[in-house]
Amino acid sequence: MSVKELRDWLETDKSQEIGWNPEGGESKGHQSGRYISDLLPKKDSEFTEEDLQHMSHVNAYCKRHLAQRPKNVEDSKWRYSLMNWGHDPTK
């Protein structure tokens, strides 16, 4: 997803309803999406070690979830969760 697509998605109700936070409030995936949207415009030389660790975590999350693809992708929580992490599996 582009930065604009991700930021627009994160503003939707569907995006904010997906995920889980035991304390309530913003889900971990939604928090990650906001962080990713800040990372995408950066140049490679601007990445910190924390940025690289986060993107490694994002990559692992997406890889695990892509292996669990449901039959109905378009309007699934599975897709919306991946979109919170910056990946739209329909594209």
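Predicted model: local features only at pLDDT ≥ 70, side-chain atom pairs only at ≥ 80, totals over all residues.

Trainee: Why is α3 called oblique to α4?

Mentor: The axes of α3 (residues 28–39) and α4 cross at roughly 125° and come within 11 Å. Roughly perpendicular covers 65 to 115 degrees and roughly antiparallel needs over 145, so α3 is oblique to α4. The crossing of α3 past α4 is left-handed.

Trainee: Which residues make that contact?

Mentor: From α3 come Ser32, Tyr35, Ile36 and Leu39, and from α4 come Glu50, Asp51, His54, Met55 and Val58. They divide into 5 nonpolar, 2 polar and 2 charged.

Trainee: What makes α4 and α5 roughly antiparallel?

Mentor: Their axes cross at roughly 165° and come within 10 Å. Angles over 145 degrees count as roughly antiparallel, and α4 and α5 are therefore described that way. Here α4 contributes Tyr61, Cys62, His65 and Leu66 to the contact, while α5 contributes Trp78, Ser81 and Leu82. Of these residues, 5 are nonpolar, 2 polar and none charged.

Trainee: Which residues touch the most other members of the largest nonpolar core?

Mentor: Among its 14 residues, those are Trp9, Val58, Tyr61, Cys62, Tyr80, Leu82 and Trp85. Two or more core residues come from each of α1 (3–10), α4 (49–66) and α5 (77–84), and α5 gives the largest share, 4 residues.

Trainee: What is Cys62 in contact with, leaving aside neighbours within four places in sequence?

Mentor: Cys62 is in contact with Leu82, Trp85 and His87.

Terms used: Residues numbered from 1 in each chain as written. Heavy atoms only, no water. Core = buried A, V, L, I, M, F, W, Y, C linked by side-chain atoms within 4.5 Å. Buried < 20%, exposed > 50% of the residue type's maximum accessible area, 1.4 Å probe, protein only. Contact = heavy atoms within 4.5 Å. Axes fitted to C-alpha atoms, helices over the stretch in contact; angles between N-to-C directions. Parallel < 35°, antiparallel > 145°, perpendicular 65-115°, else oblique. Left-handed = near helix turned anticlockwise from the far one by under 90°. Nonpolar A, V, L, I, M, F, W, Y, C, P; charged D, E, K, R; others polar.
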